[in-house]
Amino acid sequence: MYTMKEKRWYIFLSLSLVIASSLTYLAQHVIFGRPEDTFFYMMQDLAFVPIQALLVMLIIDRLLQRKEKEALLHKMNMVVGVFFNEMGRELIALIVDASADAGALRADLCVSGEWDAAMFVRAAGGIDRRRYELIVDGGSLQGMRDFLKTKREMVLRLLENPNLLEHDTFTDLLWAVCHLSDELMHRDSLAVLPQNDIDHLKGDITRAFRLLLKEWLVYMKHLQKSYPYLFSLAVRMNPFNVNVNPVIT
């Protein structure tokens with residue numbers, strides 16, 4: 001909705017343009033005294049108006065939409081960055097520690113400065129093909145619950161972000177993390193659980209983990225392309241690196 005000040009501005013601008021056009025045609029008539037030519041060229045200009053409108057709709061409007069989408073994606077990448085810096089990276093590390101194939105995961109997803117586009121594509125393709133085997137007990141589940149509890153408010157605030165409507169995969173990730181948090185917090189004790197319940201929780205963890213890995217790879221690729229200085233720190237803090245160290249040696 002336009003404010004009253006904006007409405008007055010648009011009305012003033014529209015009237016100014018109409019008056020300027022009328023004065024121009026009037027000056028042409030006074031100077032050259034050929035009203036039939038003035039009317040002829042006026043009709044020519046009017047005949048071209050539909051084509052101008054078509055050009056505006058197909059070209060200019062498309063360019064504006066692209067610019068708006070790029071601006072929105074930039075904002076969303078900032079939100080994704082906050083998520084991984086505040087909790088995503090640590091959550092990945094927690095789940096990797098509970099994985100039976102932690103060594104293979106670290107080998108395949110330890111992004112470095114030498115990675116190119118093909119390596120990101122290959123790593124992303126392997127996420128869906130991989131079978132995730134988790135080894136969890138009451139202690140590891142309790143640790144995961146304690147961590148998610150401290151980050152629950154942040155996840156809920158992120159879900160309130162209207163820009164998420166344009167980022168379905170990240171929204172799915174947040175819902176998966178939120179659901180995992182709910183599952184863990186609704187149990188009075190995680191020390192002794194039946195195997196069926198443990199298997200159910202493993203499924204929830206795996207769902208969240210798979211989505212985490214996909215979004216993390218997309219985020220890392222974005223940093224490498226657009227923000228090399230942020231990518232440098234992200235590589236040094238890689239959750240798949242057993243020797244994480246922010247200090248450059």
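**Side-chain pairs and helix packing in the predicted model**

At 41% relative accessibility, Arg207 counts as partly exposed. The model is a predicted one. Arg207 forms a salt bridge with Asp204, with an N to O distance of 2.9 Å.

In total, the structure has 11 salt bridges. Another of them joins Asp97 to Arg106, at 3.1 Å from N to O. Asp97 is exposed, with 56% relative accessible area. Arg106 is partly exposed, at 23%.

The cut-off for a salt bridge is 4 Å. Arg131 is exposed, with a relative accessibility of 67%. Glu133 has a relative accessible area of 43% and is therefore partly exposed. Salt bridges also connect Asp101, Asp108 and Arg130 into a network.

Aromatic contacts were examined next. The model contains seven aromatic pairs. In one, the ring centres of Phe83 and Phe170 are 5.5 Å apart. The planes of these two rings meet at 80°, so the pair is edge-to-face. Phe83 and Phe170 are both buried.

A second pair has another geometry. Phe84 and Tyr219 are stacked, with 15° between the ring planes. Their centre-to-centre distance is 5.6 Å. Phe84 lies in helix H2 and Tyr219 in helix H7 (residues 195-226), so this pair ties together parts 135 residues apart in sequence. Phe84 and Tyr219 are both buried. Ring pairs join Phe83, Phe84, Phe170 and Tyr219 into a cluster.

Helix H7 also packs against another helix. Two packed helices are described by the angle between their axes and the distance between the axes. Helix H4, residues 117-129, packs with H7 at an angle of about 170°. The axes of H4 and H7 are 9 Å apart. Angles over 145 degrees count as roughly antiparallel, and H4 and H7 are therefore roughly antiparallel to each other.

On the H4 side, the contact involves Phe120, Ala123, Ala124, Ile127 and Asp128. These residues meet Arg210, Leu213, Lys214, Leu217, Met220, Lys221 and Gln224 of H7. By residue class, the contact of H4 with H7 comprises seven nonpolar, four charged and one polar.

How values were computed
Residues numbered from 1 in each chain as written. Predicted model: local features only at pLDDT ≥ 70, side-chain atom pairs only at ≥ 80, totals over all residues. Heavy atoms only, no water. Phe/Tyr/Trp six-rings, centres within 6.5 Å; stacked < 30°, edge-to-face > 60°. Buried < 20%, exposed > 50% of the residue type's maximum accessible area, 1.4 Å probe, protein only. Helix = DSSP H or I, 4+ residues; strand = E, 2+ residues; numbered from the N terminus. Salt bridge = Lys/Arg side-chain N within 4 Å of Asp/Glu carboxyl O. Axes fitted to C-alpha atoms, helices over the stretch in contact; angles between N-to-C directions. Parallel < 35°, antiparallel > 145°, perpendicular 65-115°, else oblique. Contact = heavy atoms within 4.5 Å. Nonpolar A, V, L, I, M, F, W, Y, C, P; charged D, E, K, R; others polar.
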